[in-house]
Amino acid sequence: MSYEKYYGRIPLPLFVVDLEGAVIYCNEEGKKIVPKDDDKESYRIDQIWMIDHSAQYFMEELNCSLTEYPIEIVFTSVLDKEAHLIEISFLEENLMLFVCMKTLTSNHEENMKQELSELHLKHDFLIAENPDGIIFVDQDGHITDINQSLQIMIGYERCEIINTYEKNVSFQELKRIKYYTSKALRGKAQVYETSITHKNGDLIYIEVKTIPIRIHESYIGAYNILKDITAYKLAQQEAFKQEELLRCLINSMPEFVVFQNHNGQVLEMNHYAKKLFNLEGQDVVGKTFAEIGSLKWDSIPLLKEAFPSELTKDNASNIQFEHQLLHIGEERTFDIVKATGPLGERERGYLISIGRDSTHRKKIEEDLIETKELLESIFSNSADGISVITLEGEVLKTNLAFQRLYGYSEEEMPRHMFELYPDGKRDEARSICDTVTSGKEIIGYEAVRKHKDGRLLEVSVTYSPLRDQEGNVLAISAFTRYIGDRKRTEELLIRSEKLSVIGQLAAAVAHEVRNPLTAVKGFIQLYKGKIDGKIHELMLSEMNRIENIISEFLSLAKPQAVTYQQANVTTLICDTLSIMNSQARINNVCIKKDLQEVQDLVECEVNQIKQVLINLIKNGIESMPDGGELTIQTSQEGETFRIAISDKGVGISKERLKHLGDPFFSNKEAGTGLGLVVCYKIVHEHGGRIEFDSELGVGTTVSVLLPLKPSQVPVTTRDL
């Protein structure tokens, strides 16, 4: 090779040297630093610069340590004892190129010492201020120095570690440190995780980086850089623990849970899902459901699509829906939730599918809905009034029958139950609430309640407690039934029963009394001339009175042959008054008439109606012993004809009004009470009714109400 061609003009001393140290080529600049010796034609490298070892040994060692990059070495010149900075690099096989870069001045050594001192200071500062613990280990594996951070990290002082660490460090820790240090001393840096024991006994997790220290091609020791990763390891252990707890939780869930990546591949599947989809014992991770397959389930379409399109719209985080799956021919309902989550910055995310078998719940819900609809129907359509009341008596809900009974709409319904009580009987309402709150029922409680228009209603109420699942009373249900009609029916039944008993008694008494009475009356008439006239007249009068009483008895005892005919009641009243006028005048009573003529007729037995009117007019006259005014009024009320007989007598108390019409009950001292019984019986048989309105000291009004029938013949108005 023509070295001169390439290196001759380089303005730096340049030498080509073989592995034995012989100079193969030297340019003109190089010849200037070569010792002057005319006898020598060739030189060795150690004759140009001072080298500690032999030139051959130096070159072999240099050849082993050189890389593809050049190295710089300072040599002292043999010629002028100056320091030269030499750059050494490979030239070709077994040849090296030495280039003298510059000649260092005489104060180079001082500069080098200063630079070295500064370097030591920087090194010491870096070691001292480093937050990681640093250990210096020599080639024999002994600790020669540690920094302050390590002392703080492990709790030992420097004197307790250097040369005595084997006493303070456990065998396993010592063995691990020596093992990795020995590997580093062979020229390869080591990184590993381990744990050491703090002086106080705490376990410290550390990451250790062991870096070999190389000087003059020899490894004289190693740096051990210790980073405290206890917090990280504890967090990692906690994360592993949480992961395990989460895995146990997911596997214990009674729902199927499936994690899939964006491509539909299974990332995780809980035990329930594997059992449900008949995949127990199979490795499903990394496979799609299309690859897994299941003959017993039609779930493949449900789980094939990893990311449903709904989740990509409007940034939806999850979707919920109900799905029917066929399992061995049986349809089962599942509530499904699909949600997405991120896997990492560069990952596309995952999909989680959770499904709960809601077949049984669905059946229960359907039954509950059916039951609810049934109860709502019963509540809404019940003929009885139903209300739900709080434990404090507030009305929560009422049905239509309840609203109709009291005359309120749903919006107008009073807020509290005591508002439906006459005079607002709060004590009664509170007592009812307390009784039901204690868990007792109140069945068939008969009371009087107030209608919206102020009328009093006779009702029967059943109060029952409404309980929750634990049996606690939450509210009160009240079933209200109107019993006014029933009460009146009961009264009529009782009265009819009394009439029946009286009738049986009357038949027996009348039969037994009439025969001897006839004989006695006959003898009295025979002795007419032999007995004092006044006495004879009195005896006959009393006998006639007895016959009248017996006749009244007989009218109760057996049905009379009655012939009904259409009659004008106004005419009938006028005929009756012509009979009673004389008795009225005797008792100083003035009878006034206010009769309204009607076109319709009343179908009746004329004599019986006359008997009723005579009895009622007679009672009115007798109620005014000092005389007075008796008024008879008539009016038509729809298809009913009202006859009202009013007196201004002593009146009747409310207590005695209740018993009017009872047999043997009379306001008169000598009365039998049978007159009104007969009147009630006659009017009832005509399809009508009798009403009394009386006030003590003011007077009494008796109303007879009879049904009208359209007239078949024209009726002329009479002058009343």
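1. The protein has 20 helices and 28 strands, where helices (H or I, at least four residues) and strands (E, at least two) are DSSP runs, numbered from the N terminus. This is a predicted model, in which local features need pLDDT of at least 70 and side-chain atom pairs count only at pLDDT 80 or more, while totals for chains, interfaces and linings use all residues. Residues are numbered from 1 along each chain as its sequence is written, and side-chain values use heavy atoms, with hydrogens and water left out.

2. Of the 720 residues in the protein, 39% are buried; here buried means under 20% relative accessible area, exposed means over 50%, and partly exposed lies in between, with a 1.4 Å probe and protein chains only. The protein exposes about 43600 Å², and carbon and sulfur atoms supply 52% of this area, the areas coming from the Shrake-Rupley method with a 1.4 Å probe, where for residues only the protein chains shown count as cover. Among the contacts in the protein with a separation of 6 or more, 49% join residues 24 or more positions apart, a contact being heavy atoms within 4.5 Å.

3. An open sheet of six strands runs in the order 2-1-6-5-4-3, with antiparallel pairing, and two strands count as paired if DSSP finds at least two bridges between them. Strand 2 (23–26) and strand 3 (49–50) stand at the edges with a single partner strand each, so one side of each is left without a neighbour in the sheet.

4. Which residue takes a positive phi in the hairpin of strand 4 and strand 5? With five residues between the strands, that residue is lysine 81, whose phi is near 60°, although lysine 81 is not a glycine. Lysine 81 is exposed, with a relative accessible area of 52%.

5. Asparagine 588, which is not a glycine, likewise has a positive phi of about 60°. Asparagine 588 is placed in the loop between helix 17 (569–586) and strand 23 (589–594), and with a relative accessible area of 57% it is exposed.

6. Leucine 325 lies in strand 14 (residues 318–327) and, at 0% relative accessibility, counts as buried. Between leucine 325 and aspartate 357 there are 32 residues of separation in sequence and 9.8 Å in space, C-alpha to C-alpha.

7. Grid points are joined across faces, edges and corners, and a volume is the space filled by probe spheres set on the points.

8. The second largest cavity holds about 120 Å³ of space, and 13 residues line the second largest cavity, of which Ile389, Phe402, Met417, Leu420 and Tyr463 are the closest to its centre. At least two lining residues come from each of strand 17 (385–389), helix 13 (400–406), strand 20 (456–467) and strand 21 (473–482). The lining divides into 10 nonpolar, two polar and one charged residue, where Ala, Val, Leu, Ile, Met, Phe, Trp, Tyr, Cys and Pro count as nonpolar, Asp, Glu, Lys and Arg as charged, and the others, Gly among them, as polar.

9. Is glutamine 403 buried or exposed? Glutamine 403, placed in helix 13, is buried, with a relative accessible area of 9%. Not counting residues up to four places away in sequence, glutamine 403 touches Thr398, Tyr408, Ser409, Glu410 and Met413.

Note on methods:
On a 1 Å grid over the protein atoms alone, a cavity is a set of points where a 1.4 Å probe fits but cannot get out, and a pocket is an open set with protein on both sides within 12 Å along at least five of seven lines; lining residues have an atom within 4 Å of a point.
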